[in-house]
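Please look over the sequence and the model shown here before reading on. The report then goes through the parts one by one.

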Amino acid sequence: MGDAFITIQLFGKSYKFRVDEDVPNAEKVARLVEKEVHLLEEGAAVKTPHLNNFAVLTQAALNIANEFVELKEDYSGLIHDISGRSSALIAQMDAYLQ
């Protein structure tokens, strides 16, 4: 297991980061960060032209984290729903077989 590198383009500059080769989504994550920062930059240029890079990066991180939390909650609810339905189905099958 070695290291790999990814490059992220932010604010007109390239940043190279080392990532473990066994991190399968590193490239996708890098593109997600680039996309979120780019969207915020476009919006900030219209609303707040002097927003600094740190503020943009922080907002991008908060947006991505919020999406993660929402998806995690949705996933948890889905697992709970599937578990309940599975239990009910098993109970019905047991009742039918007896």
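## A starting point

In which loop does proline 24 lie? Proline 24 lies in the loop between β2 and α1. Proline 24 is exposed, with a relative accessible area of 69%; here buried means under 20% relative accessible area, exposed over 50%, and partly exposed in between (1.4 Å probe, protein chains only).

This is a predicted model, in which local features need pLDDT of at least 70, side-chain atom pairs count only at pLDDT 80 or more, and totals for chains, interfaces and linings use all residues. Residues are numbered from 1 along each chain as its sequence is written, and side-chain values use heavy atoms, with hydrogens and water left out.

## Overall layout

The protein has 2 helices and 2 strands, and along the sequence they follow the pattern β-β-α-α. Helices (H or I, at least four residues) and strands (E, at least two) are DSSP runs, numbered from the N terminus.

The radius of gyration of the protein is 22 Å, whereas a compact globule of 98 residues would have one near 13 Å. This radius is taken over C-alpha atoms, and the globule rule is 2.2 Å times the number of residues to the power 0.38. The C-alpha trace spans about 70 × 40 × 15 Å along its principal axes. Of the 98 residues in the protein, 12% are buried.

## The strands and the loop between them

Strand β1 covers residues 3–10 and strand β2 covers 13–20, and phenylalanine 11 is found in the loop between them. Phenylalanine 11 is not a glycine, yet it has a positive phi of about 55 degrees.

Lysine 13 is found in strand β2. With a relative accessible area of 53%, lysine 13 is exposed. Leucine 71 comes 58 residues away from lysine 13 along the chain, and the C-alpha atoms of the two are separated by 31 Å.

## Salt bridges in the helices

Side chains of opposite charge can pair when their charged atoms come close. A salt bridge is counted when a side-chain nitrogen of Lys or Arg is within 4 Å of a carboxyl oxygen of Asp or Glu. By this rule the count comes to 3 salt bridges. In one of them, glutamate 27 pairs with arginine 31, and the closest N and O atoms are 1.8 Å apart. These two residues are 4 residues apart in helix α1 (residues 26–47), so they are separated by about one helical turn. Glutamate 27 is partly exposed at 42% relative accessible area, and arginine 31 is partly exposed at 30%.

Arginine 31 also forms a salt bridge with glutamate 34, with the closest N and O atoms 2.7 Å apart. Both lie in helix α1, 3 residues apart, which is about one turn of the helix. Glutamate 34 is buried, with a relative accessible area of 18%. In helix α2, aspartate 81 and arginine 85 are 4 residues apart, about one turn of the helix, and their side chains meet in a salt bridge (3.2 Å, N to O). Aspartate 81 counts as partly exposed at 35% relative accessibility, while arginine 85 is exposed at 60%. Salt bridges that share partners join Glu27, Arg31 and Glu34 into one network.

## A patch of negative charge

Which residues gather in a patch of negative charge on the surface? They are Glu67, Glu70, Glu73 and Asp74. Patches are made of residues with over 30% relative accessible area and no salt bridge; like charges are joined within 9 Å, and nonpolar side chains (Val, Leu, Ile, Met, Phe, Trp, Tyr) within 5 Å. Lys and Arg count as positive and Asp and Glu as negative, while His and the chain ends are not counted. The place of a charge is taken as NZ of Lys, CZ of Arg, CG of Asp or CD of Glu. Accessible areas come from the Shrake-Rupley method with a 1.4 Å probe, and for residues only the protein chains shown count as cover.

Glutamate 73 is found in helix α2 (residues 53–97) and is exposed, with a relative accessible area of 54%. Between glutamate 73 and proline 24, which are 49 residues apart along the chain, the C-alpha separation is 23 Å.
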